[in-house]
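This briefing sets out selected features of the structure shown below. The points are grouped by topic.

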Amino acid sequence: MADYIAGSACNGCKPRHLRGRVCHQRSGLLSLMIQKRDVVRFLIAPTGFGKTALAAEYAESIFGFQDVVWLNAQSPCFLRDVDRGTIASSLVSLFRRRSLVVIEDLPRLTAVRAEEVSGCIDKLLERGWEVVVTMSPLYRAFADRQPDSIRIGSKDFIVTEDEMRLLANDAGIGPRRRLPSSQVDGVPGLLWGGATASLDLLRGVVGDVLPTDALLGLFVMLALGRGSIEEAEAFSGPLKSDTRALLGEEYLFLGVDEHTERFETYPFSADEVVQAFSGSLARMAASSSFADGEALVSRLADALLARGSAERACLLVDGCSNGDGRIAWLGARSRELARAGCLLPAHHLFESKTLRLNAQNASVFVGEAWRLAGLDDVSAATALAERVLARSAVPDSARGNAALLLARYGDAGDRNRAVAVLGRLARQPYGGDPPTRASAVADALGDADRHWEALALAVVWLAEDACAAAFLAEACLRCGRVGDPETAILLWSLDALSGEGACGFGQASGADAERVLSIVGDYLRRSWEEGAFDCGSASLLDAWDKAKALASPDALYPPLAAARATAQTLDMQLFSQRSAFERERRANGDALIPGSPKVGDAAFPDTRRFGIASLGRATAVPTLNIRLFGGLDVSIGENEVDPSLFRRQKVKTLLALLTLNQGKEILRDRLASLLWPTSSTATARRNFYSTWSMLRKALVVPGGEECPYLVRLQYSCKLDTRAVASDVAEFDELCNKLLLEPPDVEAWSAVYARLCELYRGDLLPSEGKNEFILQQREEYRARLIDALVSASTRLFEGGALQAALWFAHAAVRRDATREDAYTALMQAQVAAGQRTAALDTYFKCKRYLSDELGIDPSPKAVMLYGSIIEAEPNLKGFTPKA
């Protein structure tokens, strides 16, 4: 600690924490800093805006890091020396020449300390020193103590289109990178921060220790993604004027518009927001009007669900709530999630906690059964419904909805039992004329708590008399609303019209059919216009298909035709979820449902019903090409996969782990533990499923909906190497040629040339933390040197001295720490008559072994050295090259 100031001197080298960083030139900002060098330059911006990088660029461009002192103001030594008042005097005494001092990340200071630091800056400026200070916007008031200073703020750091064009070919920025269209897109850390840029920026912002009200406002805006400031304040509470100014003027990735008082943030994923803010949730909730973090997240999820972001709502709840909170929210929002077409994310939410069926959570199980039916897993759906019916203590509403599912999707026996259960549960008598019974259905439809009773009455009545379809359709029309129970009743009525019903469902007369079709057509049109649909118990797609089948082929009903485009969009949305669910089930080794389509048959929805040709499926799968050396490059056939699909490091690492396993199975839990070694098994497994899903999306065949390359079995995963080519596999094959095959100078020269093409750099250099990848990286480095040394030795033994010499030189050039490489080079040099060069090689090897490892050369190296000295006594006084 006593050497804090002296140890902060750069002495021509970058500070250690800046080494290895890719810095992009900011000539415009650099010119601002050069304009007045006799005043302090304040770089004021949040983490991720590049203020440290700009300070480093200035120190390198102007000083070459000579005469530069880089003070880490977050170190306790800094505050200690501030309290002692020794910073200025220590700097002046230790460094006689006028120098540059950079004070990085100035912390919160008391008034006394602020006065001392300001005085220190004044003293340095008076003596001709240059001073640069970086700080968070939270502490920008300190800059007011230096009125003549130059201030570079958050808006100044935003990357311009001209800068992007000039820097388009720099490392880390591909030419296909989209140009920033606004300040939201132009934050340097988001453009240049690599695969984990978004998450790193959010974690840095949380680490800036914002005031709790500001942190809460930030979290709410990022979770919602867009909206009005008033909407955000409904969760965070009224924001103070200075807090609103701080978030709007400094945290530009929030996209706050001061005039309209609206915001639209950078598109951070829900997973990134969860990972960055989940640890601070309790602290944020404590400063809000909510009882706890669970209540806050639940309300945010409700808001997302209301605006149509159902999947984001599920991910937010999944990441920020405990098991009971997740299930409670799912149970309360099952119907809304179904109406939003959000089946698979809600299914994952249900599976995130192991539940025992009881009277309290029976409705949650019923909701899951309807989701499974919507995902085409009818067998599992009906099994779950039967479990609910088998429990006598469950509420009537849960039993009624379970029976309705069995009546809808079960076989003839299931439907008969279901109708019997519904007959016992419904409150209304079944006698009386049709108008009376229709009135009872309409009354039940008018009470939200009795919707299931309306459905029960309708199903039992239709089981008795198919002609009830017309009366039921009119009862729905009289309600004057578009909702799930009405749609379900119309769907059962259409069943009766088509003669597809069970339990005595007959076929209605022609006049009744026309009457129902007229009502259904008008109802469907209103349903599409109002966006009201239910993907589970009341599928308008089924209603669409049945109505089309019943309508005249020469004159398709106009209201139905008008809904055509919307129906196609909805069908594709549902098909995507059903396909993903099917893939997950197959990957987990689940049995196929009897009568369900095979993989090839279910590749695409039956788009012919919308009047367009079936998309079909390609007969040949294009090759997936994976390159890991020197950075991840992925292509499918001739098409390069968009690098933005691999912006998350975990997705890259998962693909690398599978590729390195070269088609062999690897346990799923093993993968999860390699990717998240510090997480619990349950958390790691949940994270794995999310990452696996993202990887599958990245590797979808162009123009299709499938990823044929990834195989997920019941307990393990692997790559299907029949359609995969990787540089690591080819690298291993070529190394084996040098290690095992008979020597062939011409062929091995071609092998080495190809190895150089493949080994562009270290294995997956973007991964700096995963122990397995780091170990593999070292092993591949060693494998290459092993192959080159082996080739040199075997060529030497075969008498091909020049080739042996060449391969040995290549080994030493690539790794100057391998004694066997030096020895192979020495023996080739001696045999080729290059004794002086051999001695030089020996002394280089000896110097490395002695200085770095503290050991002597091997007996073989000493023997080669001795053979040279014995043959040439005059070389005993040989002095090696420096």
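Is asparagine 11 buried or exposed? Asparagine 11 counts as exposed, because its relative accessibility is 59%; exposed means over 50% relative accessible area, buried under 20% and partly exposed in between, with a 1.4 Å probe and protein chains only. The model is a predicted one, in which local features need pLDDT of at least 70 and side-chain atom pairs count only at pLDDT 80 or more, while totals for chains, interfaces and linings use all residues. Residues are numbered from 1 along each chain as its sequence is written, and side-chain values use heavy atoms, with hydrogens and water left out.

**Overall composition**

- The protein chain contains 41 helices and 15 strands; these are DSSP runs numbered from the N terminus, helices being H or I of at least four residues and strands E of at least two.
- The protein chain has 882 residues, of which 52% count as buried.
- Among contacts in the protein chain with a separation of 6 or more, 70% are between residues 24 or more positions apart; contact means heavy atoms within 4.5 Å.

**Aromatic pairs**

- A pair of aromatic rings is described by the distance of the centres and the angle of the planes.
- The structure holds 22 aromatic pairs; rings of Phe, Tyr and Trp (its six-membered ring) pair if their centres lie within 6.5 Å, and planes under 30 degrees apart count as stacked, over 60 as edge-to-face and the rest as tilted.
- One of the pairs is formed by phenylalanine 629 and phenylalanine 731, which are tilted, with 5.1 Å from centre to centre and 50° between the planes.
- This pair links distant parts of the chain, 102 residues apart: phenylalanine 629 is in the loop between strand S9 (624-627) and strand S10 (633-636), and phenylalanine 731 is in helix H35 (residues 727-740).
- Phenylalanine 629 and phenylalanine 731 are both buried.
- Phenylalanine 629 also pairs with tyrosine 780, and this pair is edge-to-face because the planes stand at 75°, with the ring centres 5.5 Å apart.
- Tyrosine 780 lies in helix H37 (residues 771-797) and phenylalanine 629 in the loop between S9 and S10, so the pair ties together parts 151 residues apart in sequence.
- The relative accessible area is 0% for phenylalanine 629, which is therefore buried, and 2% for tyrosine 780, which is likewise buried.
- Arginine 783 lies over the face of tyrosine 780, 4.3 Å from the ring centre; a charge sits over a ring if NZ of Lys or CZ of Arg is within 6 Å of the ring centre and within 35 degrees of the ring normal.
- Elsewhere, ring pairs join Phe49, Tyr251, Phe253, Tyr266 and Phe268 into a cluster.

**Helix packing**

- Helix H14 (residues 270-277) packs with helix H17 (residues 310-320) at an angle of about 25°, and their axes are 9 Å apart; axes are lines fitted to C-alpha atoms, for helices over the stretch in contact, and angles run from 0 to 180 degrees between N-to-C directions.
- That angle makes H14 roughly parallel to H17; angles under 35 degrees count as roughly parallel, over 145 as roughly antiparallel, 65 to 115 as roughly perpendicular and the rest as oblique.
- H14 and H17 have a right-handed crossing; a crossing is right-handed if the near helix is turned clockwise from the far one by less than a right angle, and left-handed if anticlockwise.
- From H14, Ala270, Val273 and Val274 meet Arg312, Leu315, Leu316, Gly319 and Cys320 of H17.
- Helix H5 (residues 87-94) and helix H6 (residues 111-126) cross at roughly 25°, and their axes come within 9 Å.
- This makes H5 roughly parallel to H6, with the contact made by Ile87, Ala88, Leu91 and Val92 of H5 and by Cys120, Lys123 and Leu124 of H6.

**Positive phi values**

- Most residues other than glycine have a negative phi, and most peptide bonds are trans.
- Asparagine 11, not a glycine, has a positive phi of about 55° and is found in the loop between helix H1 (4-7) and helix H2 (27-35).
- Glutamine 662 has a positive phi near 50° and is found in the loop between helix H32 (649-660) and strand S12 (666-667).
- Glutamine 662 is partly exposed, because its relative accessible area is 30%.

**Buried helical residues**

- Histidine 347 is found in helix H19 (residues 344-351) and counts as buried at 4% relative accessibility.
- Not counting residues up to four places away in sequence, histidine 347 touches Glu368, Arg371, Leu372, Leu375 and Phe581.
- Tyrosine 842 is placed in helix H40 (residues 835-853) and is buried, with a relative accessible area of 5%.
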